[in-house]
Amino acid sequence: MEETNREAEATAVQRVAGMLQRSDQLDKVEQYRRREARKKASVEARLKAAIQSQLDGVRTGLTQLHNALVDVKDIQGSLADVSKDWRQSINTIESLKDVKDAVVQHSQLASAVENLKNIFSVPEIVQETKHLIEQADLLQAHRKLMDLEFSRDDLMYEQYRMDSKNTSDMSLIRIYFEDVQSLSDELAKQLWMVLQRSMGTVRRDPTMLVSVVRIIEREEKIDRRMLDRKKQTGFIPPGRPKQWKEKMFQVLEGTVSTRIEGTQSETRESDKMWLVRLLELTRKYVLDDLIVVQNLMTQCFPPHYNTFHRFFCLYHQGVSARVQELASEDLEANEIVSLLTWVLNTYKSVDMMGHPDLRSECDVNHLEPLLPQDVVDELLSKYVQTFTSNITGWLRKALETDKKDWHKDTEPEADQDGYYQTTLPAIVFQMFEQNLQVAAQINEGFKEQVLKLCLKQMNTFLIRYKEEAIAYKEDHMRDRQLPQCYIQYMIAIINNCQTFKESINSLKRKYSQSSEPTASDANIEKTLNEVAKEGCQFLLDEVFLDLELHLNELMTRKWLLGSHAVDTICVTVEDYFNDFNKIKKPFNLEMTSEAHRRVVVEYIKAVMQKRLTFRNAEERREGADRMIKEAEQFKILFRKLTAGEDTDRLCDSIAAIAEVFKLTDPTLLYLEVSTLVSKYPDIREEHILALLAVRGDATRDMRQTIIETLSQSKPSYMGIMQPIFKDITVPTMSMTSMTSMATAKLLK
């Protein structure tokens, strides 16, 4: 305590020192004293109040403990009195055993008297009940059945209470009432029959269905009462619990399954569209039944049955089971699509479970899938396999049919713009379109998968198409008179390539969400271009086979003396290109350019083959003039064929060579050749030597000087748009030719 006082004094000293640190604070000493006095008074008041409250609580607790002690003593006294009275009444209770037995016997006799009328009239009531059941008066029949059962059950219960081990009396009662159980079974059959026909009954006579439900509800109450009594006494009447409510739902479930299974009236053998018809009938029956349930049947059942939701689930389970049965069958490709389309789209649509009349009651989004995902995947995989096999066969058959048309004696049909075509692209893409439309009905992912598969099959098909076009050309080359319309059908083959491109792009725009090119796209584009270009090449080969004789006349002595070879060449090319106008762009333009190039190349080849050597300046002038004239003829021809596009450069190469021949002063040959090389950098030394050889007046030293000089300053021809001389070879002189030339010089 003393230590506490010292700590308090020290604290007070510190506080006072803190308050009076400056001289001007001495004036406030009285103010500080009053404030501290108020704080002290406040603390003392709170301490007094807390102590008083504690004292009051202790006082109250002591009072309650005293009262509790008094009550305990009173209870002890009462218990002693009860114990005394109980000991005195033991003998009295034992003396009342006979009274107890009499009460039990009286209860049994009272029950017997109460049921005496029913006991004697059991055969009559049984017959009346049978008649009521036959007349479909189910409520009255059930009322009489309950009376019979109550009489039997009460008698058996009283017998059980009196002597539960007396089985002979129990059997006697059971035998006497044996017809009651058969009546119950017969009534149950009638109930289940009504429930099995509930969809028709509720339309025709809903009161019948209501009666059935009332009877089942009565039996449920009796079941519960009997089970409660069994818990207390251990006695349960025969046939209880009947559990008719549970049986009712089983019957309704079977009824739903029967209605769903009963929709199949045809088989694949009798109708190829059997599955479509079955699914449509299922859709119609299920929707009609659920609307009937919602509008009529729910009013016949108690609200707590949640009737519509129960039937909604039953129909969903029934349809799911039926669909899984169908999925396990050996379905064809079109049947797989029909089933999956119905399962994934139609089932939850407004045409069936999502119908506006049903939507307010149940949410289709909460339904479990009709088919497990692994079954759906398996069906899709099977469809893809079948579709792949089928489409391969379809494409092969379509190509075989188109090949037969290639050998017809009549020209192929032309489209609205006059371009030759066959029906192959239309047939192929009609097949693709139909299958993609079907795939789109299933889902977007499967549609993309089928599109990729179509493009993959298209790529394989086009390779075969290319091979058949080559074989068609080879067959023609064995006998150029057959087929009669070879050129027209080859044009159609080329045009088909453009049609294929356009159709593929159309399919991708319509059925693909992605615009990114794929590997299949590049392969298809490449193959189509190859088919078209080879087709154009085949047609040009045909042209140049007819021109071969006339091309061989070029740069010969006969040509120099006045041949009409170029005239014939121009007429022939123009005649062919009248047919080639039926080729679609851009292949038409490419083919014209290639024809132009080949004509010029063949002409220059004729020069390089040194078929002619000019003997003098006069022949060189005449030959050069003829070359310039014929180059102009080619210009006119190909300007006409290309609708005025610039085609002069190729033909100018002929005129440029003519200028080399036309030059009269050999000393200027180097300049003329240099000009030629600058215009056509792809020209090679052997070309220049061949030109000088045809000219006929260039000495060995002159040729050597020209070649050496040009080789030092020859420009590169890389990047030239249309190289002319690159593919022209100069024939080398054979040993026989060299021997004959040497012999001729010796003879001279």
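**Figure 1. Pro586 and its cis peptide bond.** Pro586 lies in the loop that separates helix H22 (565–580) from helix H23 (587–608). Helices here are DSSP runs of H or I with at least four residues, numbered from the N terminus. The peptide bond from Lys585 to Pro586 is cis, and its omega is near 5°. The structure is a predicted model, in which local features need pLDDT of at least 70 and side-chain atom pairs count only at pLDDT 80 or more, while totals for chains, interfaces and linings use all residues. Residues are numbered from 1 along each chain as its sequence is written, and side-chain values use heavy atoms, with hydrogens and water left out.

**Figure 2. Pro483 and its cis peptide bond.** Leu482 and Pro483 are joined by a cis peptide bond with an omega of about -15°. Pro483 is placed in the loop between helix H18 (444–478) and helix H19 (486–511).

**Figure 3. Gln243, a residue with positive phi.** Although Gln243 is not a glycine, its phi is positive, near 55°. Gln243 belongs to the loop between helix H10 (206–233) and helix H11 (244–261). The relative accessibility of Gln243 is 41%, so this residue counts as partly exposed. In these legends, buried means under 20% relative accessible area, exposed means over 50%, and partly exposed lies in between (1.4 Å probe, protein chains only).

**Figure 4. Met555, a residue with positive phi.** Met555, also a residue other than glycine, has a positive phi near 55°. The loop between helix H20 (519–553) and helix H21 (557–562) holds Met555. Met555 counts as buried because its relative accessibility is 1%.

Figure 5. A disulfide is defined as a pair of cysteine sulfur atoms within 2.5 Å. By this rule, the count of disulfides is zero. Cys536 is in no disulfide, and the nearest cysteine sulfur, that of Cys497, is 8.7 Å away. Cys536 is buried, with a relative accessible area of 7%. Cys300 is likewise buried, at 8% relative accessible area.

**Figure 6. A nonpolar surface patch that includes Leu26.** Val16, Leu20, Leu26 and Val29 make a nonpolar surface patch of about 310 Å². Patch residues have over 30% relative accessible area and no salt bridge; nonpolar side chains (Val, Leu, Ile, Met, Phe, Trp, Tyr) are joined within 5 Å, and like charges within 9 Å. A salt bridge is a side-chain nitrogen of Lys or Arg within 4 Å of a carboxyl oxygen of Asp or Glu. Accessible areas come from the Shrake-Rupley method with a 1.4 Å probe; for residues, only the protein chains shown count as cover. Leu26 is found in the loop between helix H1 (2–19) and helix H2 (29–95). With 53% relative accessibility, Leu26 counts as exposed.

Technical notes. Helix = DSSP H or I, 4+ residues; strand = E, 2+ residues; numbered from the N terminus.
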